[in-house]
Amino acid sequence: MQSHMKQNLWGYFFIGPFIIGFLSFTIIPIFASLYFSFTSYNLFNAPQWIGLDNFRKMFTEDPRYIHSLKITFVYVFVGVPLRLGFALIVAMLLNTASRAVGLYRTLYYLPSLIGGSVAVAIMWRNIFGDEGIVNLALMSMGIDPVRWFGDPGAALWMLIFLSVWQFGSSMLIFLAGLKSIPQSYYEAASVDGASFFQKFFTITIPMLSPVILFNAIMQTIAAFMTFVPAFIISKGTGGPLDGTLLYSLYLFKQGFEFFHMGYASAMAWVMLIIIAILTSLIFLSSKYWVHYESEGGR
Amino acid sequence: MKAKYFKKLSYHIIVGGFAILLLYPVFWLLMSSFKVSEQIFITADSLIPNPFIISNYAQGWEGFGDYGFGVFIKNTAVFVILVLIGHLISCSLIAFGFARLQFVGRRFWFAIMIMTLMLPYEVVMIPQYIIFAQLDWLNSLKPLVVPAYFGHPFFIFLLVQFIRTIPRELDEAAIIDGCNTFGVYSRIILPLIVPALATTSIFTFYWTWDNLLGPVLYLNSPSKYTVSMALNMFLSNETVSNWGAMFAMSIVSLIPVFIVFFIFQRYVVEGISTSGLKG
């Protein structure tokens with residue numbers, strides 16, 4: 001009995017830091033944020049209870065909010081599949097015995113390595129400038145230059161390209177997954193005369209599906225919270241014409257530029273709910289397409 | 001034989017060529033940092049600086065106001081080191097607890113920890129700001145560093161997974177030899193999880209070095225600015241169109257990231273491949 005008690009004490013001694021941190025930096029802020037979301041609060045006066053007003057305002061009186069939500073969805077649902085698609089294609093190209101693979105793997109990973117930095121956002125801003133190298137490349141191919149900073153739609157694509165450019169970390173995960181598929185599966189399929197595409201859809205995709213699921217969830221959550229590129233590329237404005245006003249950036253502006261802390265907290269809660277719904281939808285869909293080896297099929 | 005050679009060659013042309021295309025913007029940034037500012041966009045189609053100058057670096061290094069770029073680098077280094085120490089101590093302790101000890105509530109707290117992995121920072125951002133303001137911690141590193149001493153779910157999870165691969169017989173042998181639980185942690189487990197601690201350190205370095213939102217929220221005086229904030233400042237002063245200096249300092253800010261990567265490449269690649277840490 002005594003040793004049982006002792007075990008508990010040791011356990012809580014070791015995980016104690018987590019519990020203290022969780023209570024003070026997560027759970028108290030979560031409830032505070034929930035409370036603020038029902039108030040009007042500017043940081044200097046006491047919060048005023050206004051019930052569901054923030055949420056009503058968001059969806060009925062704030063076209064900027066609806067716009068920001070819309071472009072964030074475009075950013076996530078165009079950017080993440082493109083990124084994962086690229087990652088998978090390149091991973092398959094690199095899944096060979098060539099000696100240069102190590103080098104290529106490093107080169108393709110480098111954009112992910114530096115992608116989150118302010119330096120790269122600055123670089124992106126400048127290569128997409130009116131006289132930047134992207135427009136030069138377009139012109140050399142006979143395509144009209146695009147005014148990336150003049151057209152809100154083009155500006156959003158600039159952010160999507162930046163996200164796709166960083167497919168390297170997903171590629172590494174896919175590559176590790178590809179390497180774990182037994183070569184004998186492909187050999188057996190070849191003996192049966194399967195084509196490349198048949199092998200791809202009946203071996204590669206099912207065997208890789210748990211990894212794809214993991215990547216899809218993590219990347220969707222991360223994409224939804226994208227802040228730095230939008231902040232730097234638009235110099236904190238979300239422009240042109242709110243074309244790069246991603247959800248996190250608008251939330252930041254509401255909170256720390258306009259000091260609408262209550263409204264920003266309500267936005268954060270809607271974000272949490274959206275992310276929870278998206279994650280559960282991906283999970284729910286997974287039973288139709290994710291294949292777990294140990295369960296003996298679907 | 002010839003066909004095989006041709007196939008190999010075309011593979012390298014496609015895969016290598018695409019890699020170069022992908023990294024071209026970075027080369028362009030690097031080479032432009034050696035160009036005269038006024039010429040950067042006039043000669044954007046050429047990688048070769050003519051004339052080749054390094055004065056952009058000297059100019060950028062002066063920073064702005066009374067603070068040189070060296071100050072920002074030093075601030076960032078202090079920030080990184082303090083967070084790093086916090087993560088190494090707290091995450092290893094917590095992970096040992098979860099991976100090795102049997103206690104009431106272990107599953108519950110582990111589930112909670114996994115849930116915090118998914119929690120968007122935005123949800124806690126505003127109340128945290130208010131709490132730190134009440135504590136009078138604004139315009140200091142404290143709000144950015146202190147939470148690191150209470151663990152980070154990503155790294156705790158990584159370390160738990162790693163500790164689970166170590167045979168329990170080692171713990172038992174140590175206990176028979178008279179070690180108490182803390183001894184098992186400090187003498188047995190800690191030396192064996194060094195590779196996972198290396199991964200933790202490397203990613204802590206990357207994420208802290210790049211962190212912009214935290215410093216933007218909490219640091220107001222330029223004397224305390226980090227490198228990413230300094231670059232943001234360069235951008236806000238862009239009206240003077242001193243692109244050369246801004247590009248030069250962007251390159252400077254990337255150098256430590258590249259150095260750490262090339263020294264610890266193995267840990268980075270393994271960290272991502274095995275645990276899905278995003279890089």
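How far apart do the C-alpha centres of domain 1 of chain B and domain 2 of chain B lie?

## Two domains in chain B

The C-alpha centres of domain 1 of chain B and domain 2 of chain B lie 33 Å apart in this predicted model, where local features need pLDDT of at least 70, side-chain atom pairs count only at pLDDT 80 or more, and totals for chains, interfaces and linings use all residues. Residues are numbered from 1 along each chain as its sequence is written, while chains are lettered from A and ligands numbered from 1 in the order in which they are written.

Domain 1 of chain B covers residues 2-55 and domain 2 covers residues 61-275, with bounds that come from an automatic or database domain assignment. Each of the two domains of chain B gives eight residues to the contact between them, where two residues are in contact if their C-beta atoms, placed from the backbone, lie within 7 Å. The side of domain 1 of chain B that touches domain 2 of chain B has four nonpolar, three polar and one charged residues; here Ala, Val, Leu, Ile, Met, Phe, Trp, Tyr, Cys and Pro count as nonpolar, Asp, Glu, Lys and Arg as charged, and the others, Gly among them, as polar.

## Where chain B meets chain A

In the contact between the chains, 65 residues of chain B meet 72 residues of chain A. Several helices of chain B each supply at least two residues of the side that touches chain A, among them α1 (2-32), α3 (69-100) and α13 (243-263); helices (H or I, at least four residues) are DSSP runs, numbered from the N terminus. The helix that gives the most to this side of chain B is α1(B), with eight residues. By class, the side of chain B that touches chain A has 42 nonpolar, 18 polar and five charged residues.

## A pair of helices, and one serine

Within chain B, α3(B) packs with helix α10 (residues 194-210) at an angle of about 145°, and their axes are 9 Å apart; axes are lines fitted to C-alpha atoms, for helices over the stretch in contact, and angles run from 0 to 180 degrees between N-to-C directions. The residues of the contact of α3(B) with α10(B) comprise nine nonpolar, seven polar and no charged.

B:Ser201 lies in helix α10 of chain B and touches B:Leu84 and B:Leu88, not counting residues up to four places away in sequence. Why is B:Ser201 classed as partly exposed? B:Ser201 has that class because 19 other C-beta atoms lie within 10 Å, whereas a residue is buried if 20 or more other C-beta atoms lie within 10 Å of its own, exposed if 12 or fewer, and partly exposed in between, with C-beta atoms placed from the backbone.
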